[in-house]
Each structure stands twice: as C-alpha cells, then as structure tokens.
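Q: Could you take me through the salt bridges here, pair by pair, and tell me how buried or exposed the partners are?

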Amino acid sequence: MARPGPDHPRAAPARVRAHAARAASVQLVSRTRTERLVNLVICLLSTRRFLTAAQIAATVPGYEHDPDDAKDHEAFQRKFERDKAELRELGVPLETGTASVFDAEPGYRIAHREYALPDIPLEPDEAAAVGIAARLWQHAGLAAAASSGLAKLRAAGVDVDPQATLGMEPMVTVDPAFAPLTAAARDRREVNFDYRVPDRDASSRRRLQPWGVVCWRGRWYVVGHDLDRDATRCFRLSRVVGAVRVTGQPGAYEPPAGVDLISHVARWSGPVERTGRANVLVVPGRAAGLRRWAVESTTGPDGDRLVLPYADPDSLAGQLVGYGADVRVLDPPEVREAVIQRLKEIAARHDELAVAGGAR
C-alpha cells in the first residue's frame, strides 16, 4: 500500500504533531537559555573579583561539562562565547581582566557602577504597577535561583558581595490592606475601611475613592477622595484596621488628571524630625552609605562606631538589614528589636521559598 503524500489529508495530523514537537523544543531551549543567562548575570554581579571560564562553568547551572573531553569542552566554549555576546548586545557591561598579575587566564565580571540604572521618574500609575510587581516578586522562582547560585559561589571559595544581591532578590514588606487597595485603585472602585489614628483609641469608618498606593519614607499610603469629608486625603496602610471592603462598581470615578500622589503624602506627613540616635558597629571599609549619613564616627578595635539620626525605628531597621553582617546595632533597644524582627521575617520568607521550591 502506498504511503500517503505530504498533501494527503491523513498526513495532516502527523505534520501538526511534528510542528508541535518542534515548537515545544524551541520553547524549552529558549527557557533554558534565558535561565542560564540570568544565572550568569547573578554570578558575575555577586563578586568583585574576575571569574575564569572554568570557575563560571563550575558555578553557573547550564554550563555543566567534562573539561577533559575535548568535544564537550569545545561545546561549552562556543556556548559561553554566544552568551557573552548576547549579554553585551543587551547592554550588560561585561568586563574582562585578571584577579592578579600571576593569572594567565582572563576572567569576567560585571561592572556595578555601569550596570546600575539611573534614577527613573515614575508617573503615579507606573509607580502603582511597580509596587504590585514588587509585591508579587517574592513568589517568583528567580529569588530561589539567586540564593542557590550565591551558595555555590561561596562553596567554591568566591568572595561574594552580599549587597549585590539586593536588586536580584527584593524582600518587600507590605501591609494586608495593600492588595485590596491597589486593586480598587486600578479598577476605580470605592472602598471603606476602619482607620485608627495615633491620638485616638477607637478606629473610625472611612469611605474612599482610591487614586493610588505609594511608598513614602518606608511606609505605604493610599491617596484618594474622602467621600465623607469631600476632600483629598491620604491614609497610612499600617493604620487600617481589619479588612478593606470594596463597595463601588468598576469605573465609578476618575482620578484628577496629572495628580501627584507623592506630593499629597509629603504635605500630609510633614517634615521628618530625626531626633533619635542609633549607635551601630560597622566593619572597616564597608557600608559607605551609612558613613555618609552618620553624624559621628569613631574607630575602635572591633570596628567603626557610627551614630545615625533616625525618626522611625522600623524605617531605620529596613535600611540596616540590607548591609547584612557588616553592621551590628548596639543601641537603642527599639532599633535592635526592629532589626531582629526584620531578619526573622526575611528568614521566614526564605523558608517559604525553600518549601515551595522543594514542592515543585
């Protein structure tokens, strides 16, 4: 019996299956290559020294090969050259050099000063989108991949800069009211919630047409039109008591054109008076940002003692934990407790990511 030709109707399912198989293969290769490039960027961002191709191959997932096998090693070199060229085409500032004058093989790293983005002004709706993305980032698989890559670097004896990972694994702490209020602002729906002010024991009911949610000096605020007072108001999310209730229909109102949410919050909160003083111990040569901020600095046998002015212990703690083991709080107790609490939250978040990764 003759085999059906390519134009025969019975050949169509076979062609469809072949196309589907090729498409699935292309998608898998693309996803694998993207993951490898991300891992390579994390690796080269996380060290100040130049890493040789052999060190990168032993650290970055996707470069596994047998260096004693000539064909296998040649395939790795071609793959690595393609990845380097693609990173440079994407604008990643890949540097080539040696860790010392005795090294014969060149190494690679990413220049932090050229990789960092300049300040980006955002419109209110853009800021809201960034806030939502940061809120969801903790559930992404990239955070776990970054931690795994850094652990491999440390195990290989590579000096890892802990501050370099902050851009790759953000830990954003938000209040329970964040998600419903950002959703209501996006959908233009009225809400009501119970709100507590510091000078009153009991909370009061507020009705609001939310325009957007913004972060100001480490705190989240919602800005909108207060229906009871018929005026623009902003509310700190940490003072919302209980659940936010959505009462209006989608598209029930339209925020004023060109409204500047940050300016509303800044006028409402007023100038910050940093009357508190925190004493921290810093490893010599580290935490340059804190040193510029300090009002007093003394050098001792255990490290450099800095005196930092602050207004809110929680906001200060959020900045201090970013320096990791390079900074230790000496006093006051309220700042020490705030730092400990932040570290516990980060550890719990990492445990959640580890469990989620193991489940997959």
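A: Happy to. In this predicted model, Glu-81 forms a salt bridge with Lys-84, and their closest N and O atoms are 2.9 Å apart. Both residues sit in helix H3 (residues 70-89), three residues apart, which is about one turn of the helix.

Next, please turn to Arg-109 and Glu-95, another salt-bridged pair, with the closest N and O atoms 2.9 Å apart. Arg-109 belongs to strand S3 (residues 107-110) and Glu-95 to strand S2 (residues 94-97), so this pair ties together parts that are 14 residues apart in sequence. Arg-109 counts as partly exposed, at 25% relative accessibility, while Glu-95 counts as buried at 18%.

Arg-186 counts as exposed, with 55% relative accessibility, and Asp-187 is partly exposed, with a relative accessible area of 29%.

There is also a network to find: salt bridges link Asp-194, Arg-205 and Arg-245. Over the model, the count of salt bridges comes to eleven. As a general point, side chains of opposite charge can pair when their charged atoms come close.

Conventions:
Residues are numbered from 1 along each chain as its sequence is written. This is a predicted model: local features need pLDDT of at least 70, side-chain atom pairs count only at pLDDT 80 or more; totals for chains, interfaces and linings use all residues. Side-chain values use heavy atoms; hydrogens and water are left out. A salt bridge is a side-chain nitrogen of Lys or Arg within 4 Å of a carboxyl oxygen of Asp or Glu. Helices (H or I, at least four residues) and strands (E, at least two) are DSSP runs, numbered from the N terminus. Buried means under 20% relative accessible area, exposed over 50%, partly exposed in between (1.4 Å probe, protein chains only).
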